[in-house]
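Hi everyone, thanks for making time this morning. I'd like to walk you through one model, piece by piece, so please have a look at it with me.

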Amino acid sequence: MEIFHSSNVKVINPLAKAGRRNLDFGKGFYTTRIKSQAQKWAFLVASRKGKNPQGIVSMYELDDESLATASYVYKKFPAYNLEWLEFVVACRQGRDETNYDIVEGGVANDQVIDTVEDYENGRITADQALDQLKYKKPNNQICFRNQEIISKYIRFKDSETVGKEDVGQ
C-alpha cells in the first residue's frame with residue numbers, strides 16, 4: 001500500500017522518535033493513505049517557513065501484508081467517537097500510556113480541532129463534542145510509533161515538491 005508523509009524536506013529514513021510529542025496520536029512518524037491530503041499538509045507546513053512555500057510529499061510503500069502477520073499492537077479509529085476523542089486529548093496533553101505501535105484514524109484538523117479543544121478545556125461535554133463531530137467526515141492519518149515497524153515494513157519510493165498551484169491555493 002502507498003502512504004505519504006508531508007514536510008518541508010524529503011524524508012528518506014523516517015524516525016518514530018523525531019516528531020513532536022503532543023500530537024493527535026502521540027510521538028511518531030505520521031503518514032496518510034490520501035495523497036491530496038498529504039499535498040495540502042505539505043504546502044501548509046511550507047507556508048509557515050517562508051514567502052515562496054514549497055512543501056515536500058515523501059512517498060513510501062508499506063508492506064501491509066507482511067505487517068498484518070506480525071505481532072504489533074495496531075489501533076484503528078474508524079470514526080470520530082468517544083474513544084478517539086479521549087485518546088487524542090490524552091495524547092495532546094502528554095498523558096497517553098497506551099502501548100500502541102501503530103495508530104490510525106481521523107486527524108484533529110481545522111474542521112474538528114475547535115471541538116476537541118472545547119472538550120479538552122471543559123467548555124463542552126463529551127456528548128456535545130460527539131454531536132458536533134458526527135457531521136465531520138474523518139480524513140486519515142497513520143502514526144507509526146515503533147521504529148522497528150518503520151525499518152522493516154516501510155520503504156521510501158520517491159518525493160515530490162508541492163506548491164500553491166498543486167493544492168488550489
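Let's start with helix 1, which lies across strand 1, strand 3 and strand 7 and runs at about 145 degrees to strand 3. Angles here run from 0 to 180 degrees between N-to-C directions, with axes as lines fitted to C-alpha atoms, for helices over the stretch in contact. Helices (H or I, at least four residues) and strands (E, at least two) are DSSP runs, numbered from the N terminus.

Before I go on, a word on the source: this is a predicted model, where local features need pLDDT of at least 70 and side-chain atom pairs count only at pLDDT 80 or more, while totals for chains, interfaces and linings use all residues. Residues are numbered from 1 along each chain as its sequence is written, and side-chain values use heavy atoms, with hydrogens and water left out.

Back to helix 1, residues 35-47. Its 13 residues reach 18 Å from the first C-alpha to the last, close to the 18 Å expected at 1.5 Å a residue; that expected span is 1.5 Å times one less than the number of residues. Which residues of helix 1 are buried? They are Gln37, Ala38, Gln39, Ala42, Phe43 and Ala46. Buried means under 20% relative accessible area, exposed over 50%, and partly exposed in between, using a 1.4 Å probe and protein chains only. Those buried residues pack against strand 1 (2-7), strand 3 (55-62) and strand 7 (154-162), and contact means heavy atoms within 4.5 Å.

Three strands form an open antiparallel sheet in the order 1-3-7; two strands pair if DSSP finds at least two bridges between them. Strand 1 and strand 7 each have a single partner strand, so one side of each is left without a neighbour in the sheet. From one strand to the next, the twist averages 25 degrees. Six bridges join strand 1 to strand 3 in the antiparallel sense. Within that pair, His5 has Ser58 of strand 3 as its bridge partner, and Glu2 stands opposite Glu61. Strand 1 is mostly covered, with five of its six residues buried.

Strand 5 (residues 102-105) and strand 6 (residues 141-144) run antiparallel and are joined by four bridges, and Val103 stands opposite Cys143 of strand 6.

On to a helix pair. Helix 3 (residues 82-92) and helix 4 (residues 113-120) pack at an angle of about 75 degrees, with axes 10 Å apart. That makes them roughly perpendicular, a label for 65 to 115 degrees; under 35 counts as roughly parallel, over 145 as roughly antiparallel and the rest as oblique. Helix 3 brings Trp84, Leu85, Glu86, Val88, Val89 and Arg92 to the contact, and helix 4 brings Ile113, Val116, Tyr119 and Glu120.

Last stop: Asp96, in the loop between helix 3 and strand 5. Asp96 counts as partly exposed because its relative accessibility is 23%. Leaving aside neighbours within four places in sequence, Asp96 contacts Phe87, Ala90, Cys91 and Arg145.
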